[in-house]
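Subject: Structure handover

Hello,

Here is the structure I promised you. Please open it beside this email and follow along.

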Amino acid sequence: MFNVDEYLAHIGFVHREGESMEEQFIRLHRCHSLTVPFEDLDPFCGRPVSLDIEDIFKKVVRDRRGGYCFELNRLFRELLIRLGYQTGAVLCRPFSGEGKRLPLTHRLTIVFLDGRMWVADVGLGGNGWIDPLLLEPDLVQTQFGRTYRIREDAGMGYVVELERERSFASAVEFGLWYAQESDFEMSNHYTSSCPSSPFVTRMMCTLPTLDGRYTIRDHLFKIKQNGVVSETALDGGTFSGVLKRHFGIVLDEKMDQYIRSQLP
């Protein structure tokens with residue numbers, strides 16, 4: 001059963017007396033982002049991805065796993081709703097690292113607060129932000145060594161851009177058309193089970209830190225810290241330890257054995 005106090009304890013959130021709803025929201029987003037990894041280990045192992053809220057809660061909070069956008073952003077939105085926030089769920093389009101528009105396979109949350117709108121997204125992976133972004137076009141927003149801006153787009157509505165090497169690259173585009181859970185179920189089915197889906201064919205796990213990021217992509221483990229990047233090749237003997245030490249994930253024996261069998 002979904003339990004707010006258990007969720008907050010898992011992400012290390014402690015209530016502060018006199019804190020505004022906005023301040024609380026920003027800290028909630030930050031605590032979740034820094035605690036819960038983005039990962040696709042279930043579809044990579046051929047396991048279905050349930051979007052039932054109780055299943056997601058068990059997987060993330062009680063089993064100490066991560067997930068991807070359809071799981072993590074649904075879970076986080078449920079928390080916000082139970083804490084009294086007004087929200088809308090959006091089905092949107094991510095971009096590849098090469099700037100290619102991908103199918104409508106991403107979920108984010110719009111939060112309405114004191115006459116302003118915020119973009120909450122705890123499930124974007126490597127392009128994701130730690131604190132929520134204010135939905136204000138052309139406002140440059142810098143957080144924890146990364147810079148974002150949101151521009152208006154005549155076709156889609158808005159595009160979130162991430163600064164890379166002194167220029168901005170598109171990360172995700174969306175409009176203010178609020179989706180139903182059935183819309184996400186359809187996209188999740190493709191994402192988690194289509195043989196050509198990158199979540200089926202490639203192993204990904206990533207977690208931001210205040211000064212960098214940990215990332216597993218296939219057999220490579222990358223640490224980025226204060227702008228310095230190091231990479232280590234994983235094998236069957238090192239994978240489980242890295243996953244536990246840096247992401248807090250311990251897989252069941254069957255999943256662990258399958259993934260280790262796929263490594264060099």
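Over how many bridges do strand β7 and strand β8 pair? Strand β7 (residues 146-153) and strand β8 (residues 157-164) pair over six bridges, in the antiparallel sense. Within this pair, Arg 149 stands opposite Glu 161 in β8.

Before you go on, note that this is a predicted model: local features need pLDDT of at least 70, side-chain atom pairs count only at pLDDT 80 or more, and totals for chains, interfaces and linings use all residues. Residues are numbered from 1 along each chain as its sequence is written, and side-chain values use heavy atoms, with hydrogens and water left out.

Some terms come next. Helices (H or I, at least four residues) and strands (E, at least two) are DSSP runs, numbered from the N terminus. Two strands pair if DSSP finds at least two bridges between them. Strands of a sheet pair through backbone hydrogen bonds, either parallel or antiparallel.

**The eight-stranded sheet**

β7 and β8 belong to an open sheet of eight strands. Its order is β5-β4-β3-β2-β9-β8-β7-β6, and the pairing is antiparallel. The edge strands are β5 and β6 (141-143), and each pairs on one side only.

Now look at the β5 end. Strand β3 (residues 106-113) pairs with strand β4 (residues 116-120) over five bridges, again antiparallel. Ile 110 has Val 119 in β4 as its bridge partner. β3 and β4 form a hairpin with two residues between them. In that turn, Asp 114 has a positive phi of about 55 degrees. Two bridges then join β4 to strand β5 (residues 133-134), and these two strands run antiparallel. Here Val 119 has Leu 133 in β5 as its bridge partner.

Contact means heavy atoms within 4.5 Å. Axes are lines fitted to C-alpha atoms, for helices over the stretch in contact, and angles run from 0 to 180 degrees between N-to-C directions. Helix α2 (residues 21-35) lies across β3 and β4 and runs at about 10 degrees to β4. Helix α6 packs on the sheet and touches β2 (86-94) and β3. The direction of α6 makes about 30 degrees with that of β2.

**The five-stranded sheet**

There is also an open sheet of five strands, in the order β1-β10-β11-β12-β13 with antiparallel pairing. Its edge strands are β1 (38-39) and β13 (228-233), and each pairs on one side only. Strand β12 (residues 220-225) and β13 pair over six bridges in the antiparallel sense. Lys 222 stands opposite Glu 231 in β13. Helix α8 (residues 239-247) lies across β10 (204-209), β11 (212-217) and β12. α8 runs at about 150 degrees to β11.

**Two helix pairs**

How do α4 and α5 cross? Their axes come within 10 Å and cross at roughly 100 degrees. α4 and α5 are therefore roughly perpendicular to each other. For such labels, angles under 35 degrees count as roughly parallel, over 145 as roughly antiparallel, 65 to 115 as roughly perpendicular and the rest as oblique. The α4 side of the contact includes Ile 53, Ile 56 and Phe 57, and the α5 side includes Phe 70, Leu 72 and Leu 75. By class, this contact of α4 with α5 has seven nonpolar, no polar and four charged residues. Ala, Val, Leu, Ile, Met, Phe, Trp, Tyr, Cys and Pro count as nonpolar, Asp, Glu, Lys and Arg as charged, and the others, Gly among them, as polar.

The axes of helix α5 (residues 69-82) and helix α6 (residues 181-193) come within 11 Å and cross at roughly 155 degrees. That makes α5 roughly antiparallel to α6. Phe 70, Arg 74 and Arg 77 in α5 meet residues of α6, including Glu 181 and Phe 184. The contact of α5 with α6 has two nonpolar, three polar and three charged residues.

On a 1 Å grid over the protein atoms alone, a cavity is a set of points where a 1.4 Å probe fits but cannot get out, and a pocket is an open set with protein on both sides within 12 Å along at least five of seven lines; lining residues have an atom within 4 Å of a point. The structure holds one cavity of 30 Å³ or more. Ser 33, Val 122, Gly 123, Gly 125 and Pro 208 lie nearest the centre of the largest cavity, among 15 lining residues. The lining of this cavity divides into eight nonpolar, five polar and two charged residues.

The second largest pocket is lined by 16 residues. Of these, Asp 42, Asp 55, Lys 59, Asp 63 and Arg 65 lie nearest its centre. Helix α4 (residues 53-62) gives the largest share of this lining, four residues. The pocket lining has six nonpolar, one polar and nine charged residues.

Best wishes

Terms used: Points joined across faces, edges and corners; volume = space filled by probe spheres on them.
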